[in-house]
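Let's take a walk through a protein together, one piece at a time. Have the picture open and follow along as we go.

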Amino acid sequence: QPLRNILFISNWTQRRSYKYLFAVSAGMLMLDSSYIKELKLRDDQYKKNSRRSTCIPPDPLDKNLISQMRLPLGLNRLSQRYKLGANNIMKRDEYIRNAKIFDSMNLAVVLRSEEASANWKMILEQGGAHVSISTKEAQSGNRTVDIILIDSVNLPSLGVVQNDLYKTLNVYGKDTPVIDISWAIQCLINGKRLEHGVDSKFFPEIDVFGNDVKGRDITSYRNKNGVRFELGDIVKINCTAPGKGKLFSKFMYARIGSLNPRKEDCSVTVSVLDRHERTLIDGGNTKGSPSELTIDSLKNIVGHVLLLKSKDFREIEDSYGGDVESVFIQKRCN
């Protein structure tokens with residue numbers, strides 16, 4: 001396989017970049033950038049060893065090193081926490097063999113630019129799909145698609161359909177399901193094809209023609225700086241921000257429950273996660289702390305937070321997991 005010997009080096013905050021998603025789709029070993037520093041440190045120590053002729057040089061694929069440096073595939077919307085990628089070559093190869101998630105699917109992608117569509121074409125084809133990114137690619141009458149994938153953050157007002165999407169629907173049929181691109185991302189993270197459409201809680205069809213507000217629920221929003229926020233994101237909030245409820249610490253940690261765009265900004269309703277040292281508790285009930293809060297502006301969100309199950313956290317705790325303000329263990333409140 002052409003990608004077999006490639007290590008992908010990045011940072012978990014880049015999880016929504018095209019390169020990161022391609023690495024997930026390709027089943028690459030994905031490692032934090034501190035891996036390079038640690039490997040160099042080990043190599044320097046080896047070279048300084050006066051008896052190095054009898055020593056084994058550092059192994060870049062050392063099992064323990066790979067385990068503590070591996071990056072998350074992304075935020076799993078089903079478990080509501082991040083899922084770490086493969087921790088060795090064998091598991092990675094097994095993923096490549098078995099994870100043709102979109103195998104035999106015909107997909108059309110309609111995004112904000114040709115570049116974005118072309119990048120997603122590579123990601124989805126790596127997962128086994130046949131992808132069309134232009135109506136010119138469809139030979140009239142000879143091809144149908146299973147799904148049209150769009151980014152709902154780019155949809156215009158209710159009752160209006162963007163021109164490229166309208167043309168695509170005319171080619172493939174207006175009954176073709178239109179699904180948000182987050183469905184594909186969650187399929188990659190979970191390593192399997194997820195339900196979509198009328199029976200799906202998380203990925204319903206988008207009513208692009210309807211005037212019903214429920215048919216155009218806001219599931220994602222991009223601020224002026226290009227930072228994307230989605231339902232379910234775990235974030236750190238500046239507590240000096242105005243909000244409906246009293247705030248009790250310098251930062252508050254919460255999960256986004258709804259996005260409410262305004263003319264130049266977006267208010268956010270969040271579910272508060274109680275912090276106990278390196279643990280964030282879902283459904284916690286700290287005395288005096290509101291379980292839900294409305295934040296008036298995205299400007300008050302400091303950044304995203306990495307939430308892991310205990311076992312995964314312990315593996316990366318001594319590497320990039322040492323960030324005490326951004327990496328936590330998930331605990332559910334019974």
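Helices here are DSSP runs (H or I, at least four residues), as are strands (E, at least two), and both are numbered from the N terminus. Before going on, a quick note: this is a predicted model, in which local features need pLDDT of at least 70 and side-chain atom pairs count only at pLDDT 80 or more, while totals for chains, interfaces and linings use all residues. Residues are numbered from 1 along each chain as its sequence is written, and side-chain values use heavy atoms, leaving out hydrogens and water.

Now step back into α5 itself. This helix covers residues 114–126, 13 residues in all, and reaches 18 Å from its first C-alpha to its last, close to the 18 Å expected. That expected span is 1.5 Å times one less than the number of residues.

Which residues of α5 are buried? They are Ala116, Ser117, Asn119, Trp120, Ile123 and Leu124. Buried means under 20% relative accessible area, exposed means over 50%, and partly exposed is in between (1.4 Å probe, protein chains only). Looking down the axis of α5, you'd see its buried residues fall within an arc of 160°, so they line one face of the helix. The arc is taken from the directions from the helix axis to the C-beta atoms.

Take α1: among its buried residues are Tyr20, Leu21 and Val24. Just after α1 comes glycine 27, with a positive phi of about 70°.

Next, the strands. Four of them form an open sheet in the order β6-β5-β7-β8, with parallel pairing; two strands pair if DSSP finds at least two bridges between them. The edges are β6 and β8 (178–180), each pairing on one side only. Between β5 and β6 there are three bridges, and alanine 108 has serine 132 in β6 as its bridge partner.

Finally, visit isoleucine 185 in helix α7. It counts as buried because its relative accessibility is 16%. Leaving aside residues up to four places away in sequence, isoleucine 185 touches Leu21 and Trp120, where contact means heavy atoms within 4.5 Å. Isoleucine 185 and leucine 21 are 164 residues apart along the chain, yet their C-alpha atoms are separated by 7.7 Å.
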